[in-house]
Amino acid sequence: MHSPLQNHLLAAIPPASLERLVSHLELVKMPLGQMLFEADTLIEHVFFPTTSIVSLLYVLENGTSAEIAIVGNEGIVGISLFMGGESTSSQAVVQSAGYGYRLDAAHLKEEFGRAGPFLRLLLRYTQALIAQMTQTAVCNRHHSIEQQFCRWLLLSLDRLPVDSIKMTQGLIANMLGVRTDKVGSATGELEKLKMIHYRNGRIDILDRKKLESHACECYVVVKNEYERLLEDIDSNVSTTNNGHTERRLNDQIVPEEQQFIPPSIR
């Protein structure tokens with residue numbers, strides 16, 4: 001069962017704002033490699049991933065690229081729309097296949113223009129995203145490929161409901177902006193240390209604690225910044241053992257089936 005409340009930002013906005021937006025949210029399938037928008041093109045929609053992960057990539061003139069941030073169920077893709085830019089210098093590509101909700105530009109801007117809780121929520125999220133971009137730049141400059149790979153794995157895992165990632169070494173190299181053989185070496189080293197198992201484009205995490213200890217401080221910095229800025233979001237949204245979303249409203253737990261969700265997108 002799909003629900004907009006699987007996205008933490010949508011689950012955190014006040015009921016009145018959600019009611020105005022939810023009938024305009026469109027559930028969309030987001031296959032691996034799908035281009036959500038290209039650099040320097042008008043952005044017509046924003047995306048709220050639920051079970052997918054989107055990579056924000058900067059592509060150079062010679063075709064090489066590097067990932068500057070990832071967005072999953074904690075966020076929104078297309079911040080330029082409400083920041084006033086209308087376009088961005090980066091690409092948005094689906095890194096891990098799944099689903100999400102699409103919202104057209106007009107309805108996003110209308111709700112943002114009310115200058116209420118929705119605006120404040122998106123601005124705090126944007127600050128957290130900028131922190132991730134900044135730390136990624138520092139990490140790519142000063143830390144080893146293995147450390148970068150560990151950071152990337154952990155940030156991706158935080159946005160997925162399972163302890164595995166479907167991703168080829170070639171795609172990972174594209175995300176990190178390094179040669180494929182460098183990723184192959186890093187993968188082999190992590191396998192020797194029994195942190196991961198890689199086969200046929202699938203990475204299974206065997207020991208997350210070891211992976212965290214092997215990563216550089218960048219993962220913790222980004223994670224702590226998200227928690228600091230969006231602490232009240234996480235405290236209002238939780239997931240039950242059967243995978244359903246619960247939301248806390250006025251200090252009362254409201255199960256997913258009792259929350260306002262139009263039948264058309266259940």
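**Loops, sheet and helix packing**

N200 is found in the loop that runs between β9 (196–199) and β10 (202–205). Helices (H or I, at least four residues) and strands (E, at least two) are DSSP runs, numbered from the N terminus. The model is predicted, so local features need pLDDT of at least 70 and side-chain atom pairs count only at pLDDT 80 or more, while totals for chains, interfaces and linings use all residues. Residues are numbered from 1 along each chain as its sequence is written, and side-chain values use heavy atoms, with hydrogens and water left out.

The phi of N200 is near 50°, a positive value in a residue other than glycine. Most residues other than glycine have a negative phi. With a relative accessible area of 73%, N200 is exposed. Here buried means under 20% relative accessible area, exposed over 50%, and partly exposed in between (1.4 Å probe, protein chains only). A positive phi also occurs at E86, where the value is near 70°. E86 lies in the loop between α3 (80–83) and β6 (91–96), and its relative accessibility of 26% makes it partly exposed.

The sheet comes next. An open sheet is formed by 3 strands in the order β1-β7-β3, with antiparallel pairing; two strands pair if DSSP finds at least two bridges between them. β1 (26–30) and β3 (45–49) stand at the edges with a single partner strand each, so one side of each has no neighbour in the sheet. On average, neighbouring strands of this sheet are turned by 40° against each other, direction ignored. Axes are lines fitted to C-alpha atoms, for helices over the stretch in contact, and angles run from 0 to 180 degrees between N-to-C directions.

β3 pairs with strand β7 (residues 98–104) in the antiparallel sense over 5 bridges. Along this pairing, H45 stands opposite D104 in β7, and F48 stands opposite Y101 in β7. β1 and β7 also run antiparallel and are joined by 5 bridges; here L27 stands opposite Y101 in β7.

Helix α5 (residues 117–142) has 26 residues and reaches 38 Å from its first C-alpha to its last. This is close to the 38 Å expected at 1.5 Å a residue, the expected span being 1.5 Å times one less than the number of residues. Among the buried residues of α5 are F118, L122, Y125, L129, Q132 and C139.

Two helix pairs remain. The axes of helix α6 (residues 145–157) and helix α10 (residues 218–229) come within 9 Å and cross at roughly 30°. α6 and α10 are therefore roughly parallel to each other; angles under 35 degrees count as roughly parallel, over 145 as roughly antiparallel, 65 to 115 as roughly perpendicular and the rest as oblique. R151, L154 and L155 in α6 meet C218, Y219 and V222 in α10, contact meaning heavy atoms within 4.5 Å. By class, this contact of α6 with α10 has 5 nonpolar, no polar and 1 charged residues. Ala, Val, Leu, Ile, Met, Phe, Trp, Tyr, Cys and Pro count as nonpolar, Asp, Glu, Lys and Arg as charged, and the others, Gly among them, as polar.

Helix α7 (residues 169–176) and helix α8 (residues 180–192) have axes that come within 8 Å and cross at roughly 110°. That makes α7 roughly perpendicular to α8. Q169, G170, I172 and A173 of α7 make the contact with T180, V183, G184 and T187 of α8. The residues of this contact divide into 3 nonpolar, 5 polar and no charged.
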